[in-house]
Amino acid sequence: MTTRSASPFDPDYREAFREPLLTADSLIDVHGRPHIDLDGLWRFHIDPYDVHRRRAAFDPHYFELLMKPEEEALRDPGADFPAGAWQTIKVPGCWNEEHPELLYYEGPALYVREFDGPPTGPRYFLHVGAANYEATLWLNGTFLGRHEGGFTPFCVDATPHLQPRNVLAIVVDNRREADRVPALWCDWFNYGGVFRSVRLIEVPPSHIKRTFLRLLRGSGFRRLRLDVETSALEGEVVTLSVAALGVRERAAVVKRGMASLEFTAEPSLWSPESPHLYEVEVALESGDRLEDSVGFREVRVQEDRLLLNGEPVFLRGVCAHEEFPGRGRAARQEDTRRMLQAALDLGCNFVRLAHYPHHENAARLADKMGLLLWEEVPVYWHLAFADPAVLADARNQLREMILRDRNRASVIVWAVGNETLGPGERLTFLSEMAASARELDPSRLVSAALLPLPNDPLTPHLDLVSVNEYFGWYYGQAEQVQDLLKNLASCGKPLLVSEFGADCAAGLHGSADEIRTEESQCDFYRRQFAGILSVPTVVGTSPWVLYDFRTPLRQNKYQRGYNRKGLIGDDHKSRKMAFEVVREVYEGLRDRLRGDAG
Ligand code: GCU
C-alpha cells in the first residue's frame, strides 16, 4: 500500500492502492500448469459507495476482518460486511447476467473466496484470466496489488501470504472513466466482474515465465527462434524439443533469466487450409517444463499484397464481439467454438476479435480450426490521449494481450485502435502503441481500424491499412466505397475493409429499400462487395458483425438495447438472409483463389 488515507472520508482514498500495479511482467504462461481452481461460487455484493476500499485505505487491517468468524467480525461496529446474507456469484461470470437486477450496475463490487492452503515448497501465483475493469486484491487481509484493464490476464506471487486457510478478496470496479481504456463511450455493453477463470498456479522456484517460439520472417521458412524468460539463475540450461521435427536444442540462461536459441528445421507450414500444429516442450534443467501445441507460418506484406507463407491471401472475414446469451462476456470454450464455427460456416478464413482481447481459448481454438485472427486493444473512439497514465494503461493491455497469444499461429494482426481521430496527441499515442507492438513481436502485422478519411497520418505506422466504412448505411451510397478505397490505395499498402454493415431486425421482411428489413441488409452487402472487390489492393473484408449484440447506446424501438447489424440474431441462432449473401461471396472468392493457385 503506497499511502494511508488520513480519514475514511478522504476523497483520494484510491491513491492508497495505486501501487503495486500488477502488470504483464509478473505474468507467466499458465497453459497446462498444475493449479488449484478457484472458480465456482464466490461470496459477493455490490459496493456502490466503495465502502470497502475507502475503509481499507484508512485502516490497512480492515480486510483481516474477513479472516474472523462472521459473528466475531460483525461485532466490529465499523465493519461494513453485510450481516449474514452474503449474495453469491459464479466465477467466471458477469454480475449483469448472474444477477439480473444488476443489469445496468456500474461500480465497485466485492468478491470473496475462501480456500485451503496448498502444500508448501513450490511457488504459487494467483492468476486471474480477466476482471473488468480495475481489480484490487487482498489475500488474508494483505493488500497484494491492483490491475487495470478489463480484458487481459494478470497474476501475483501469493506464496509469501498463503496460510492453511485463506481468504481472497477482490474489489472489481467496472466504472467507465475518462482516463480509462476504453473511456466513457463505446458501442458495446460494459459487463462487470471476474469473467475469466481464477487459479492458483503451482510452479517450482526456478521456473519458465514465458516463451516465444516462431518461424523467422524471410528465412525461406526454415529458421526458427525461441526466446524464453525464466526465474532461473544464469547458466541453467533450457531445452527445446519438437519431437515431430526431430528437434532438440539447448541454450543457457544468461542475465535476467533470459535464454534464446535459433535453429533450422522444415516444418509443415500452418495455414487455414492445413492448420498443422506441433507438440513442443520447453524444459529447464532443474525440472520445470511447459508443453504446448504450436503452428509455424510466416505472414508479411509486400508492397500492397498480403502474403501468408509466401502466397497471396485474401482475408474472408467477419467481426465478432465476445458476448454470449445469458453469459455476457464470460465465454465458455464451447461458446467460443460455436462462434468460430459460425464464422467457418460463413465461409471465413479470418475473424476480427473486436474491440478488446477475447478469451485465450479463441486463439487456441482458431489454431486448431484453421482461422486467421485479428486481436485488438480497446483504444476505441476517444481517449485521454495526452495523459501518460492512459498510454501506460493501453500499452500494458497491449503487452498482456501479446504476451498471452504470441505463440498462436492463428493470430496475424495486432490492432492498436479503432476509429480514433486526429493528428497531435492521438497520433503520438497510436504510433507509440504501434511501435510497442512491433518491439514485443516483430513477426506479425500491426494495424488499426481507421475512419473512412483520406490521408490518415497514422497510415505510415501501419503494415495493414484497415478502414471502417458505412457507405449506404450511416452516409452516402454503398457504391461510394469504391472511390474511398481507390483513394486509400495510393498509400501503397494492402487494404482491409475492417467494418461495413447495416442494421436489420431478424425476421423483418419487406423490399430492399425498406430500411431495417432483411432484404435491405442483403442489398447493402451486394452493393458493398461489388465496390470493394473491384479494388485490387483490397486483401480482406470483415463485415460488422457476426451476431447482434447488446449496447446501451441503442435504445430505440427497433434496436431495443442491441446493435442489430448482426448476420445472425441476438439468440446466436437465427441467421438473417444476408448471412447467405456473404457466404456466397466468400465461396466465390475461395474458389477463385483456388482457381488462381491452380
Ligand atoms: C463503429 C464501431 C463499432 C460500432 C459500429 C456501428 O464502426 O467500430 O463498434 O458498433 O460502428 O455503428 O454499428
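Biologist: Quick one: at roughly what angle do the axes of helix H8 and helix H9 cross?
Modeller: They cross at roughly 30 degrees and come within 8 Å, with H8 covering residues 481-488 and H9 residues 518-532 (helices are DSSP runs of H or I, at least four residues, numbered from the N terminus; axes are fitted to C-alpha atoms over the stretch in contact, with angles from 0 to 180 degrees between N-to-C directions). That makes H8 roughly parallel to H9 (angles under 35 degrees). This is a predicted model, where local features need pLDDT of at least 70, side-chain atom pairs need 80 or more, and totals for chains, interfaces and linings use all residues. Numbering starts from 1 along each chain as its sequence is written, and side-chain values use heavy atoms, without hydrogens or water.

Biologist: And how far apart are the axes of H6 and H7?
Modeller: Those axes are 10 Å apart, and H6 (residues 388-405) packs against H7 (residues 424-440) at an angle of about 30 degrees. H6 and H7 are therefore roughly parallel to each other.

Biologist: How far is Asp187's side chain from a ligand oxygen?
Modeller: An N or O atom of the Asp187 side chain is 2.6 Å from a ligand oxygen. For the Asn418 side chain the distance is 2.9 Å, and for Arg554 it is 3.0 Å.

Biologist: Nice! How much of the ligand's exposed area does the protein bury?
Modeller: The protein buries 97% of the 310 Å² that the ligand exposes when taken alone (Shrake-Rupley, 1.4 Å probe).

Key. Polar contact = N/O pair within 3.5 Å; in protein donor to acceptor, adjacent residues only side chain to side chain. Helix = DSSP H or I, 4+ residues; strand = E, 2+ residues; numbered from the N terminus. Parallel < 35°, antiparallel > 145°, perpendicular 65-115°, else oblique.
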